[in-house]
Amino acid sequence: MAVAVIAGTTGLVGSLLLDLLLEDATYARVIALTRKPLSREHPKLENQVVNFETLDEYATQLKSDVVFCCLGTTIRQAGSQAAFRKVDYEYPVNLARITKAQGAKQYLLITALGSNKSSSIFYNRVKGEVEEAIGSMNFEGYHIFQPSMLLGKRKEERGGESAGKVVMKLLGFAIPKKYKAIEAGKVARAMLEVAKKNQPGVRIHGSDELQNF
């Protein structure tokens, strides 16, 4: 059975994915990286409380077969573009570098619909840059998930999202599948099922594909 590392378990997709990983017989151990202890226990769960600024210090504790990166924030929550880039670029890239050196074969990353390293939109540009940076590390399997607006109950609602979700639901019939808002649970299930297939190479999973889960 495999060992998984997951970062971003307090987020919308990450929290759901953690539940799925713990209940799936494929994984003997699930290493959840958090800044604060999780308020849950499970026989397969190993909660590593880490400082993402100094993640190299925990390298030997991150030996795994597959890595799920669900880290992400918004510029508003982060407080600045620099702080946003740290969470959405530096932390995922460092996690990839360290786990690859420790033997991880697969890396699964959530970015967003519209990610593009050449975009004039800062958010989309950072998402594209992180995709490319991790792609250069040559994991045996590298999977990028690009969902549209996520539906689900967050611990803290992001500014503007509530209204956006209402509009997306009301007009869902008229919106192309690629751009429809998507339930976070579908993204979590997609990440689990894709990882279990253990497909080699670089693959991008668009929001229209993720809707099928």
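This is a predicted model: local features need pLDDT of at least 70, side-chain atom pairs count only at pLDDT 80 or more; totals for chains, interfaces and linings use all residues.

Reply: Residues are numbered from 1 along each chain as its sequence is written, and side-chain values use heavy atoms, with hydrogens and water left out.

Me: How many helices and strands does the chain have, and what counts as one?

Reply: The chain has seven helices and nine strands. Helices (H or I, at least four residues) and strands (E, at least two) are DSSP runs, numbered from the N terminus.

Me: Why is the chain called as compact as a globular protein of its length?

Reply: The radius of gyration is taken over C-alpha atoms, and the globule rule is 2.2 Å times the number of residues to the power 0.38. For 213 residues the rule gives 17 Å, and the chain has 16 Å, which is close to that value, so the chain is as compact as a globular protein of that length. The C-alpha trace spans about 45 × 35 × 35 Å along its principal axes, and 49% of the 213 residues are buried.

Me: Why are α3 and α4 called roughly parallel?

Reply: Helix α3 (residues 81–101) and helix α4 (residues 122–135) pack at an angle of about 15°, with axes 9 Å apart. Axes are lines fitted to C-alpha atoms, for helices over the stretch in contact, and angles run from 0 to 180 degrees between N-to-C directions. Angles under 35 degrees count as roughly parallel, over 145 as roughly antiparallel, 65 to 115 as roughly perpendicular and the rest as oblique. The pair α3 and α4 is therefore roughly parallel.

Me: Which residues of α3 meet α4, and how do they divide by class?

Reply: Contact means heavy atoms within 4.5 Å. Among the residues of α3 that meet α4 are F84, Y89 and V93, and those on the α4 side include F122, V126 and V130. The residues of this contact divide into eleven nonpolar, one polar and four charged. Here Ala, Val, Leu, Ile, Met, Phe, Trp, Tyr, Cys and Pro count as nonpolar, Asp, Glu, Lys and Arg as charged, and the others, Gly among them, as polar.

Me: How do you know whether S64 is buried or exposed?

Reply: Buried means under 20% relative accessible area, exposed over 50%, and partly exposed in between (1.4 Å probe, protein chains only). S64 has a relative accessible area of 7% and is therefore buried. S64 lies in the loop between β3 (45–49) and β4 (66–69).

Me: Which class do N138 and N198 fall into?

Reply: N138, in the loop between α4 and β6 (141–146), has a relative accessible area of 60% and is therefore exposed. N198, in the loop between α6 and β9 (201–206), has 48% relative accessibility and so counts as partly exposed. N138 has a positive phi of about 60° although it is not a glycine, and N198 has a positive phi of about 55°, although not a glycine either.
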